[in-house]
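Me: I would like to learn how to read an assembly of several chains. Can we go through one feature at a time?

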Protein chains: 4
Amino acid sequence: MLAEIKGLNEECGIFGVWNHPQAAEITYYGLHSLQHRGQEGAGIVATDGKVLRGHRNLGLLADVFKHGELEGLPGSGAIGHVRYATAGGKSLGNVQPFLFHFQDSSLALAHNGNLINAKTLRKELESEGAIFQTSSDTEVLAHLMKRSRTGDFMQDLKVALRKVKGGFAYMLLTENAMIAALDPNGFRPLSIGRIGDSYVIASETCAFETVGAEFVRDVEPGELIVVDDDGLHIDSFTKDIKHSICSMEYIYFARPDSDIAGINVHSARKRSGKQLAREAFVDADVVTGVPDSSISAAIGYAEEAGLPYELGLIKNRYVARTFIQPSQELREQGVRMKLSAVRGVVEGKRVVMIDDSIVRGTTSKRIVNLLREAGALEVHVRIASPPLAFPCFYGIDIQTRNELIAANYSVDEICRIIGADSLQYLSEDGLIDAIGRPYPDEPYGGLCMAYFNGDYPTPLYDYEAEYLASLEAQKNGL
Amino acid sequence: MLAEIKGLNEECGIFGVWNHPQAAEITYYGLHSLQHRGQEGAGIVATDGKVLRGHRNLGLLADVFKHGELEGLPGSGAIGHVRYATAGGKSLGNVQPFLFHFQDSSLALAHNGNLINAKTLRKELESEGAIFQTSSDTEVLAHLMKRSRTGDFMQDLKVALRKVKGGFAYMLLTENAMIAALDPNGFRPLSIGRIGDSYVIASETCAFETVGAEFVRDVEPGELIVVDDDGLHIDSFTKDIKHSICSMEYIYFARPDSDIAGINVHSARKRSGKQLAREAFVDADVVTGVPDSSISAAIGYAEEAGLPYELGLIKNRYVARTFIQPSQELREQGVRMKLSAVRGVVEGKRVVMIDDSIVRGTTSKRIVNLLREAGALEVHVRIASPPLAFPCFYGIDIQTRNELIAANYSVDEICRIIGADSLQYLSEDGLIDAIGRPYPDEPYGGLCMAYFNGDYPTPLYDYEAEYLASLEAQKNGL
Amino acid sequence: MLAEIKGLNEECGIFGVWNHPQAAEITYYGLHSLQHRGQEGAGIVATDGKVLRGHRNLGLLADVFKHGELEGLPGSGAIGHVRYATAGGKSLGNVQPFLFHFQDSSLALAHNGNLINAKTLRKELESEGAIFQTSSDTEVLAHLMKRSRTGDFMQDLKVALRKVKGGFAYMLLTENAMIAALDPNGFRPLSIGRIGDSYVIASETCAFETVGAEFVRDVEPGELIVVDDDGLHIDSFTKDIKHSICSMEYIYFARPDSDIAGINVHSARKRSGKQLAREAFVDADVVTGVPDSSISAAIGYAEEAGLPYELGLIKNRYVARTFIQPSQELREQGVRMKLSAVRGVVEGKRVVMIDDSIVRGTTSKRIVNLLREAGALEVHVRIASPPLAFPCFYGIDIQTRNELIAANYSVDEICRIIGADSLQYLSEDGLIDAIGRPYPDEPYGGLCMAYFNGDYPTPLYDYEAEYLASLEAQKNGL
Amino acid sequence: MLAEIKGLNEECGIFGVWNHPQAAEITYYGLHSLQHRGQEGAGIVATDGKVLRGHRNLGLLADVFKHGELEGLPGSGAIGHVRYATAGGKSLGNVQPFLFHFQDSSLALAHNGNLINAKTLRKELESEGAIFQTSSDTEVLAHLMKRSRTGDFMQDLKVALRKVKGGFAYMLLTENAMIAALDPNGFRPLSIGRIGDSYVIASETCAFETVGAEFVRDVEPGELIVVDDDGLHIDSFTKDIKHSICSMEYIYFARPDSDIAGINVHSARKRSGKQLAREAFVDADVVTGVPDSSISAAIGYAEEAGLPYELGLIKNRYVARTFIQPSQELREQGVRMKLSAVRGVVEGKRVVMIDDSIVRGTTSKRIVNLLREAGALEVHVRIASPPLAFPCFYGIDIQTRNELIAANYSVDEICRIIGADSLQYLSEDGLIDAIGRPYPDEPYGGLCMAYFNGDYPTPLYDYEAEYLASLEAQKNGL
């Protein structure tokens with residue numbers, strides 16, 4: 001399942017609100033509903049129209065703000081961020097929003113996504129004398145703005161936005177406006193909501209339910225949204241756009257109660273499960289899903305297949321950051337913490353196990369084994385997405401094919417490796433149809449399917465050379 | 001749902017292991033899988049055959065042991081405890097296991113359940129000069145043992161066990177044995193497992209999966225289990241027993257992957273949902289359950305009713321102890337943290353909402369309201385147990401009928417109070433049959449159904465007078 | 001210096017206040033000025049006339065109460081305690097005040113000193129069925145009271161106080177009174193002060209300056225002081241008394257700004273230094289003292305000897321509990337943290353180094369070495385008390401002579417061991433006179449000089465056998 | 001006393017070591033001995049020749065590194081910093097050393113002192129597109145270096161060092177060198193020591209005693225010291241130098257065991273006290289000093305005046321950051337925490353109270369009052385430096401004369417304000433002579449006496465206009 005690569009990806013959650021007397025509190029609750037997008041760090045910056053004040057730290061949102069820090073963030077505008085750790089990036093310095101103080105103004109900046117030309121841009125900027133304080137690519141945008149120097153903030157920002165490439169949903173905060181911008185492909189979701197006269201912007205619509213906001217519209221690719229005391233302004237920094245919504249948002253990342261491009265995530269997953277049952281039915285006694293992200297697909301599979309859906313796998317709800325991992329010795333003795341198979345449900349049964357995806361295969365193998373140890377007679381694995389064979393450069397830090405089992409082995413081989421009785425994946429078209437083709441006239445219905453077919457919607461810039469080399473290497477069997 | 005009374009009940013989890021080189025670690029992982037039974041405090045005592053060493057504190061298990069405390073607990077025997085806060089009892093002093101040091105020996109003691117004659121016993125003991133260090137009833141057992149003074153530890157323990165009344169699953173640890181005892185009614189579950197030559201004893205069998213143990217047998221009412229270096233010994237302190245397994249363990253408390261009296265909890269819940277569909281079918285578009293405890297019943301209802309099961313309600317997984325609760329003002333604006341209705345699933349739909357129980361009705365009202373605000377056309381509430389109208393004295397701290405809505409209002413009235421379109425409960429017989437009559441020849445199939453019918457399987461001792469007065473008062477309409 | 005045995009002794013500080021609207025706060029500030037008497041744990045219990053509430057923990061006072069715990073201790077009466085760790089006793093359970101809840105009342109108890117018949121009493125009590133929760137001897141008093149059962153609290157207390165032997169200054173708190181008691185020898189200081197209509201009782205008078213109280217009188221040996229809403233009552237539990245004030249309180253323990261038996265501690269120390277100059281003059285260039293406890297004596301020595309007093313040794317003020325100790329390797333390279341010699345002061349000089357005492361000799365050796373490395377030509381050590389050759393059983397946990405260098409070596413030998421050019425001690429009479437004979441008609445002027453001459457003012461009870469054996473062993477050269 | 005302005009000044013401590021296998025540990029111990037120069041934050045950066053790694057946080061050194069952070073800083077080169085909070089600067093972002101990551105190298109930077117043209121430089125840099133991450137002036141140096149772009153690190157650094165004005169002792173660390181630089185006036189002390197083949201550089205020589213290093217030489221004004229694997233290199237960035245050692249380092253800041261320009265600080269202070277006795281003798285019974293910084297002067301005064309030196313004021317050693325300050329109400333009742341007068345010493349006595357300086361006068365008034373309340377008959381205040389009447393711009397954040405009592409009142413008026421019986425200050429020449437004229441041929445013997453006479457050794461740049469305006473305003477009685 002995709003949870004295997006947690007800690008490697010760069011998914012994050014962003015949230016902002018303007019014109020609300022308790023802007024920082026609202027942001028706190030909004031971020032709370034986005035915590036599934038990032039558990040390694042959290043931060044909020046707020047403005048009272050004069051000063052920008054911020055607090056951020058490593059850890060869960062609730063821990064970062066447990067000592068009354070919210071009280072130190074007065075004002076009616078705020079933005080916030082929750083983040084995953086990226087490789088080598090578990091440092092406080094990289095926790096967002098970043099807060100830049102200039103001579104006569106300040107700027108806060110939060111970013112969800114991954115730039116693909118950041119190294120080149122950074123190199124250029126540094127050779128011109130810029131000093132970067134973080135190892136985060138996010139900082140590039142601020143330096144680009146400062147170099148533009150048209151004398152007009154919005155103009156500088158547009159110039160900068162046209163220079164950065166890849167996946168980005170940005171939120172910015174100044175003393176007098178909250179600003180959002182989405183990359184020309186709209187890889188990452190970003191939506192606008194309203195609480196009375198206040199506007200909120202969030203990575204997922206589930207945040208709107210949490211703060212009592214109603215949905216207004218999605219931010220479209222290439223748009224630059226400005227919310228200030230005059231209200232909401234929709235501008236754009238480019239018209240050269242194409243919808244390429246990350247299909248993994250539907251499959252794994254987003255919360256089931258969110259809608260992306262008007263499509264409910266749980267429903268899309270359930271339809272994927274139904275389609276999978278049509279494409280890959282197997283006669284069995286029970287259907288079970290790997291919690292939490294594969295539950296919806298498992299329900300759909302069971303419903304379509306006419307098989308009973310059961311809780312055959314249970315996830316421990318109390319796995320905290322401070323939890324002591326069992327030693328290798330204890331693990332070999334069978335001590336396991338996160339997932340349990342339910343003997344009373346699977347013993348003596350033929351089990352269909354639904355998962356969202358297979359990354360390295362190690363987790364799938366472990367779960368198949370768990371089910372067998374709990375007495376399952378047969379374990380048939382069904383994956384509610386096509387084989388994951390290509391890296392992502394727009395926000396998930398899988399940047400070589402080496403770590404992807406589906407890039408290196410056939411379905412039959414994977415089946416043997418994970419020890420299943422049978423293995424089948426959902427087809428590409430099946431997935432696109434099940435999600436529901438949000439933009440039917442665009443390629444893949446407006447989805448980015450590069451994970452599955454290597455068809456990247458943009459040039460790869462900094463990553464191009466290494467990626468091509470890896471393809472070549474693989475071709476040559478290295 | 002029963003989660004409403006979290007914080008009021010005295011449910012706990014206990015675990016012990018003997019003859020394992022990493023006894024404290026095994027206990028840690030075992031307790032981890034019992035964390036759902038108690039999140040307010042945790043502790044472990046271990047012995048190396050010479051000394052008993054313990055550590056305990058308020059908080060989640062992972063937090064209590066996050067600074068390397070396990071390393072200070074060497075030895076091959078250990079017991080541990082996770083506990084709920086009881087009213088007024090949120091003090092470190094009450095976190096178990098208790099550790100008593102005597103002149104020439106030590107004793108650790110952990111308790112799941114509630115004694116019903118503790119006040120009387122404590123009064124007697126104090127009048128004889130005993131000093132209690134805690135406000136916990138658990139301490140009574142140790143004082144009773146010291147007063148017995150037959151000169152024989154096991155004899156003293158049996159004398160003490162015969163004096164305490166109510167619900168109790170005890171675990172004790174001395175320098176040379178691990179001991180478990182279960183009350184004559186077996187209100188609380190307690191099971192024995194084995195890892196090679198090591199024995200483990202746990203409140204729920206889910207702990208066995210977690211530590212790689214295999215199930216051996218349940219502890220029976222009135223039994224006294226001793227595990228020492230000679231192995232497992234089964235003794236008893238009374239033969240006057242009757243099975244009265246708390247039905248709430250099946251309905252709400254236990255983890256779905258546990259078996260109680262050989263019956264899997266998830267399966268019992270799913271059967272309850274199916275039975276509920278037969279007794280209380282309603283035509284609707286979707287079935288949804290209140291997470292987490294009502295999910296199994298909702299799956300069963302949907303399957304039996306032939307209606308689609310959907311994730312209509314989502315629980316936030318990151319509600320930490322340090323979380324800042326929204327102010328009254330923000331709550332009124334619609335800020336909500338723990339539960340979200342999924343608009344994409346319920347909007348424009350007739351919804352069947354399955355819950356495990358209704359205690360005060362306030363939570364049910366809130367959830368019905370959530371669903372309506374998310375666009376549900378109709379909300380039909382179905383409860384997978386009979387009306388909860390009588391207090392419990394064996395481990396859940398509801399001790400007056402005043403707080404129970406079903407003790408004070410008819411089903412129709414409750415339906416109006418919670419704002420549902422219709423409300424129906426499962427019948428008593430329906431519940432007993434669905435659970436599966438673990439002891440078919442005993443009353444109620446060996447279950448305690450007192451919550452629902454007031455038929456308490458024991459005298460009420462300390463609680464008798466007040467309980468009768470409350471019944472009388474209610475009769476008189478006070 | 002005596003600081004060498006920090007961590008081994010049982011010195012503590014106690015404080016109480018009655019009839020003050022902010023009793024817990026006053027206790028906090030009072031204890032703060034007694035922090036030098038114990039840094040390992042702190043606690044406060046307060047009463048509002050109905051309930052006793054307490055908080056205690058390991059650590060410095062400021063840390064123990066840093067999360068607003070004082071706000072949870074309302075009421076106009078309070079007692080508190082700061083404690084040193086005793087061997088094996090670094091456990092939260094032993095941090096005082098202890099709080100005992102009985103059926104219809106509560107009792108808080110704090111203790112400064114050491115009982116010498118506690119083991120015997122505890123054995124008796126346990127054999128009668130008493131359960132001790134701590135390894136602290138303090139608990140004995142409460143059990144003795146409960147066994148007395150005259151039905152009268154004060155009577156029970158007096159009976160219990162007559163049974164315990166050794167050094168004790170007790171403070172007790174009930175819902176309606178604050179009580180203090182001092183052992184029949186008055187080993188530990190205890191004084192009464194007043195803030196308007198409120199009474200305070202404290203281990204040292206320096207606490208009175210801190211809380212704005214004026215000195216009323218000392219508590220006398222054998223007295224039982226009761227402060228309730230009717231005011232101050234002076235009673236006694238025995239008339240069989242003799243003053244034996246611990247001479248170490250003057251020499252080392254007490255703060256220089258405290259008065260004990262009407263004698264200022266700094267002044268007593270300065271007079272000791274002067275007397276030492278008269279008894280043991282040496283021609284030198286500078287006089288320096290080991291901070292902090294030997295500063296006053298060094299000033300006196302310099303003044304009397306007509307030599308310049310200099311800061312030749314500097315103590316780092318920021319040695320925190322969390323400080324990382326240098327590794328053996330770094331220590332050998334000369335890394336040193338607590339004390340520095342001042343090269344600019346001692347280089348090329350003949351130095352008189354004044355210390356309060358020599359316990360094991362290791363610290364003295366290290367300091368002499370420090371001074372030499374900083375360029376001192378000669379180091380003459382002068383000790384402002386006689387050779388410390390006998391253990392203490394009344395509050396300092398030196399219970400064998402083995403660890404005392406002066407019990408095992410002559411002054412000349414010690415001089416060679418510590419590497420000094422010369423070494424001289426103050427005489428017994430010199431010390432007694434310098435302190436000022438608080439009770440001139442009693443032996444040793446009312447002081448306990450047992451450290452120096454083995455003349456214990458009481459039988460030794462539990463310690464007698466072992467002590468005599470150790471004397472015998474030493475005599476036989478073992 | 002000068003402690004009054006703690007929290008306002010910018011004094012810091014810096015330390016570095018090169019070619020030591022435990023560089024970070026040595027830095028930790030070195031910084032520990034400099035903790036008196038800054039208690040608000042601490043940090044260390046170390047290099048293993050390839051990477052620079054750092055850790056820094058708010059708080060005392062021991063707290064910042066209490067969780068094993070030192071282990072994450074391997075390598076044989078390291079620099080560290082302890083800092084005071086400056087107004088508005090209590091933010092983690094400002095804690096040093098700063099660590100800058102460039103494309104192909106890294107740079108760590110730590111600073112003691114205050115730049116006086118930082119605002120101007122920062123404005124210029126920002127208008128050229130530079131982004132500052134902190135509000136600290138220290139960052140200016142790095143940006144200046146990056147703008148220089150001669151392609152040669154040392155050349156860039158020299159260019160930058162020539163642009164910054166004011167007081168600065170810098171330490172820099174790269175992958176292959178440790179670098180130190182001192183401003184052309186040498187306002188702040190900086191010395192070089194040696195441990196075998198390792199070089200250490202520290203703000204004060206007391207750090208050398210702590211880490212077992214021997215003194216090599218002071219860093220001279222305008223020098224640029226480079227320590228790399230070839231050893232120690234002494235270069236300079238300017239020859240236009242003049243010694244202006246901050247006289248306050250001798251009077252207040254430095255530790256008594258440090259030598260500055262070869263003069264021991266304790267001895268300088270003691271001589272100041274002696275000189276003060278000659279200039280301002282008063283017949284009295286006791287002499288006492290305000291701890292800790294005035295102790296040496298008090299000893300000198302007493303010795304010269306032939307009066308007894310006593311501990312008349314005691315400072316509580318346990319004033320922690322987490323300490324709860326007494327409420328206004330309790331303060332008015334006389335609750336006081338930091339300083340106590342010793343009744344037993346001052347009661348009925350004529351007291352000479354020696355202090356290092358008077359800033360606002362409020363603390364002096366409070367101490368005089370303390371002594372009187374403790375029974376002093378007369379309190380004669382003697383200040384071991386001249387009236388402090390002019391702001392400092394080189395490292396102490398007093399930037400207007402308004403807050404300085406001596407800038408606004410005559411000595412007689414100040415005497416009345418603080419309630420003393422008499423008040424006298426040391427003369428300017430008396431101070432210079434007592435310190436000992438480190439550079440006898442330079443103005444004021446090489447000392448900066450601007451505090452006392454307004455004779456600033458450099459132009460004031462950014463501060464000029466406001467300073468002149470304040471002089472003017474004062475002249476006009478505003």
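Me: How far apart do the C-alpha centres of domain 1 of chain A and domain 2 of chain A lie?

Reply: Keep in mind that this is a predicted model. The two C-alpha centres lie 31 Å apart. Domain 1 of chain A covers 3–241, and domain 2 covers 263–475.

Me: How many residues does each domain of chain A bring to the contact?

Reply: Domain 1 of chain A gives 26 residues and domain 2 of chain A gives 25.

Me: How do I read the size of such a contact?

Reply: Interface size is often given as the accessible area lost when the parts come together. Here, domain 1 and domain 2 of chain A bury about 2100 Å² between them. Carbon and sulfur atoms make up 50% of that area. The number of salt bridges between these two domains is zero.

Me: Now the copies. What relates chain A to chain B?

Reply: The general idea comes first. Two copies of a chain are related by a rotation about an axis and a shift along it. In this model, a rotation of 180° with 0.0 Å of shift along its axis puts chain A on chain B, with an RMSD of 0.1 Å. The two copies are therefore related as by a two-fold rotation axis. Within chain A, Arg317(A) has the C-alpha nearest the axis, at 3.7 Å from it.

Me: What area is buried between chain A and chain B, and how many salt bridges are counted?

Reply: The buried area is about 5200 Å², with 57% from carbon and sulfur atoms. The count is six salt bridges. Take Asp292(A), which forms a salt bridge with Arg317(B). The closest N and O atoms of that pair are 3.7 Å apart.

Me: Which figures describe chain D against chain A?

Reply: In this pair, 22 residues of chain D are in contact with 22 residues of chain A. Together the two chains bury about 1900 Å², 49% of it on carbon and sulfur atoms. Gln103(D), Ile131(D) and Gln133(D) supply 34% of the area that chain D buries against chain A, more than any other three residues. Between chain D and chain A, the salt-bridge count is zero.

Me: What about chain A with chain C, and chain B with chain D?

Reply: No contact joins chain A and chain C, and their closest C-alpha atoms lie 10 Å apart. No contact joins chain B and chain D either, with the closest C-alpha atoms 10 Å apart.

Me: Last, a sheet. What is the strand order of the open sheet in chain D?

Reply: Strands of a sheet pair through backbone hydrogen bonds, either parallel or antiparallel. This open sheet has seven strands in the order β3-β2-β4-β1-β10-β9-β11 (chain D), with antiparallel pairing. Its edge strands are β3 (52–58) and β11 (214–218) of chain D, each pairing on one side only. From one strand to the next, the twist averages 15°.

Me: How many bridges join β1 to β10 in chain D?

Reply: Four bridges join β1 (residues 12–18) to β10 (residues 198–202) of chain D. In β10(D), Ala202(D) is the bridge partner of Phe15(D).

Me: Which strands does helix α1 of chain D touch?

Reply: Helix α1 (residues 23–32) of chain D packs on the sheet and touches β1, β2, β4 and β9 of chain D. Its direction makes about 25° with that of β4(D).

Technical notes. Residues are numbered from 1 along each chain as its sequence is written. Chains are lettered from A and ligands numbered from 1 in the order in which they are written. This is a predicted model: local features need pLDDT of at least 70, side-chain atom pairs count only at pLDDT 80 or more; totals for chains, interfaces and linings use all residues. Side-chain values use heavy atoms; hydrogens and water are left out. Copies are superposed by least squares on the C-alpha atoms of residues with pLDDT of at least 70 in both. Two strands pair if DSSP finds at least two bridges between them. Helices (H or I, at least four residues) and strands (E, at least two) are DSSP runs, numbered from the N terminus. Axes are lines fitted to C-alpha atoms, for helices over the stretch in contact, and angles run from 0 to 180 degrees between N-to-C directions. Contact means heavy atoms within 4.5 Å. Domain bounds come from an automatic or database domain assignment. Buried area is the accessible area (1.4 Å probe) that two parts lose on being put together, summed over both. A salt bridge is a side-chain nitrogen of Lys or Arg within 4 Å of a carboxyl oxygen of Asp or Glu.
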